[in-house]
Amino acid sequence: MQSQSIMLDLQEQDEVWVRLYKGERENAVFSDEYDTYITFSGHLINFQPAAESRGTTVLHDTISTRPQPLHFDTKTTEPVSFFLSGLEELLSWQPDGNDDFNVCTVQLAKRQPPLHSKRPRTLVCHDMRGGYLEDRFIQGSATSNPYVFYHWRYIDIFVYFSHHTVTIPPVCWTNAAHRNGVLVLGTFITEWTDGEKLCESFLAGGEEAFRAVSEQLARIAQHYRFDGWLVNMENTLSAAAVKNLPPFLRHLTAQVHSAVPGGLVIWYDSILQNGTLKWQNELNEDNRVFFDACDGLFTNYNWKEEHLERTRSLAGPRLTDVYVGIDVFARGDVISGGFDTNKSLRLIRQHGLSAAIFAPGWVYEHLGEENFLHNENKFWGLLAEYLLTHSVCTLPLATSFSLGMGTSRFLDGKVEEAGPWYDLSAQEIQPLYPEQEGRLSTSCCLQDAWCGGSSLRLQGIIPAGEEHVAIRVLQGPARTFTVALELTTWDSETCHEGNVTSLPEPSGRHHPRFLPAPPPGLAKLLASCNSGSQGWTSRCYELDLQGCSLRDLSLLVSRQQPSPQEMPFSCLLGEVRVLDAASVAAAPLQVQNLLASQLWWQEGSTTEQLSLSLTLRWTFPPDQASWFRIFSQGARCRQGQTAPQLLGLAHGCLYRAVGLAVPRPAAGQSCRLELLVEPVLHNELPVDPQLWGRLVLIYSAPATGTSRDGH
């Protein structure tokens, strides 16, 4: 399908506004200067295909400056995440096209076992320096040594916490968590005197007031596509207000369940049923009324074993809906914290309860940035014995183990862009990081990667007398050992290997067959089989399974020759893809309707340059792309061609290009900027450049007598 091109005759100084959204009237004239339109100086002649290649959009613009909308950084116009302060901002919130960047673009991955299974869960509550730090930059930043969380296999729920009234999780966290099958909750908090006044204003009145708040909170979660709320009221309540608190929680829970499938509302242990602010450190008769009104209770941190015993007795069948708090900073009279957090967790698990680990960023804040990844693996490794893991169980399953940060950005084993970067939305599915002291170590390698910012380093020993070790994760060349794959599946009567009369091994273990060359139908997909690049080796395997659910993916490291001696090994794992061969034969997909809006011109670094920021939007079949790579083909005022330059990654069908250096056109001269959008599919099959999105912006200086704002 060919995108429409916009052709304008730039003659006079009349101003025309053209809305650039599918389905709108293309010749409409508007006057709201804060809406997302492009300014054109000249008469609108017609709309017709331009003399460009298939799928290209051509826009003409006259340089002008316009006021910028909300949800963008005031200095750069980069899109940023945001919070709401106070009841007025909450109740006046409405969905706005300008905040589309804040909408999660990753569906919650299906997982095994599902969250609602009756086993103890693990919640992480992220509280770091007030929140909205470098993670507020939706398209990432050039941050060195940032904080990242990547032990998603161990946790079930992630809460983004701050002390703002309505904490909307930065979208990068929701994208990363959903990709790994983890729910994300925002925080609705009231505190101290101001919090007491706020609660009185919506709880002490009639039903209409608290229902309006609960319905608005549910709408926000639905719009931004996160999964619910932690409700934390740390202030006293009047008799009238506390009477309406359980109905408020019930209504909020019902609204969230209706608006967000699988959503949750969790209450923090703070207020008693008489309105007194008094932390209980347990579930008891004084706070049970709030627990009964929602999906769970997050207890305070100063508990002892007798609190766990009483909680277990009272919770009954909802035992795993009680999340016992652990403050990793060990503030107050607590059992443990820091690297001794496992002592608290062990007691919680002995009583069959869920756990809420508060501020695990202690590793980063207290111990510093320098050895963060090592210390982070140590912290979670000490807890691993008491953490129940889950697996992502949908295909295609592809990951290069990128943490969403790095010292360089890699592609096909080569440095594509040098320099630090941080973008949690680009974090890929994360493995387990198993540790066996003296025998096995898994860690992140930032110095070399196949794609993204990091690879998975595997180091260990094959013990004397053993032929191989299996490393449960989800290759590199070696002379003394070989690397292969092993898959395990969940027990199921429908799971068969090969034809339906051939049952898998009783253990559910499967060993894929090595493919020295791809079959003809998969030649394009598996073109790199048995090849190498930049020191990396690619291997392909096949396995015929029917009706199975993937449980584990392990790496088998084996000796090449028998030996009575133990043998050390070390290798980097750059990428793993598990694909359904039947799904890769679908027709190729094309980026369509690529459009630009919100153009912002500024003076450049020299008199010959300008700085341009703009928003790109396009359409692409939903849930088919992992992300999009945005390129600039360069701006020029004369004939010629330049090599594409990577601008960044988009995780949905929109991208804000910021501060593009472009040549300043002379009077009567037009210049040309080309932008490209390349989809990166889940199966990572290359997409023909003819199917990329392509936009050509032709811009010129204002006519003599036109002011700088375009009038």
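Strand E14 and strand E15 (residues 354–358) pair in the parallel sense over five bridges; two strands count as paired if DSSP finds at least two bridges between them. Helices (H or I, at least four residues) and strands (E, at least two) are DSSP runs, numbered from the N terminus. This is a predicted model, in which local features need pLDDT of at least 70, side-chain atom pairs count only at pLDDT 80 or more, and totals for chains, interfaces and linings use all residues. Residues are numbered from 1 along each chain as its sequence is written, and side-chain values use heavy atoms, with hydrogens and water left out.

E14, helix H8 (residues 341–350) and E15 make a right-handed β-α-β unit; right-handed means that, with the strands pointing away from the viewer, the path from the first strand over the helix to the second runs clockwise.

E14 (residues 322–327) is mostly covered, with six of its six residues buried (under 20% relative accessible area; exposed is over 50%, partly exposed in between; 1.4 Å probe, protein chains only). Val 322, Val 324 and Ile 326 lie on one side, and Tyr 323, Gly 325 and Asp 327 on the other.

Strand E13 (residues 296–298) also runs parallel to E14, joined by two bridges. Phe 298 has Tyr 323 of E14 as its bridge partner. The chain crosses from E13 through helix H7 (residues 305–315) to E14 in a right-handed β-α-β crossover.

A separate topic is the open antiparallel sheet of three strands, in the order E19-E18-E22.

| Pair | Sense | Bridges |
|---|---|---|
| E13 and E14 | parallel | two bridges |
| E14 and E15 | parallel | five bridges |
| E18 and E22 | antiparallel | two bridges |
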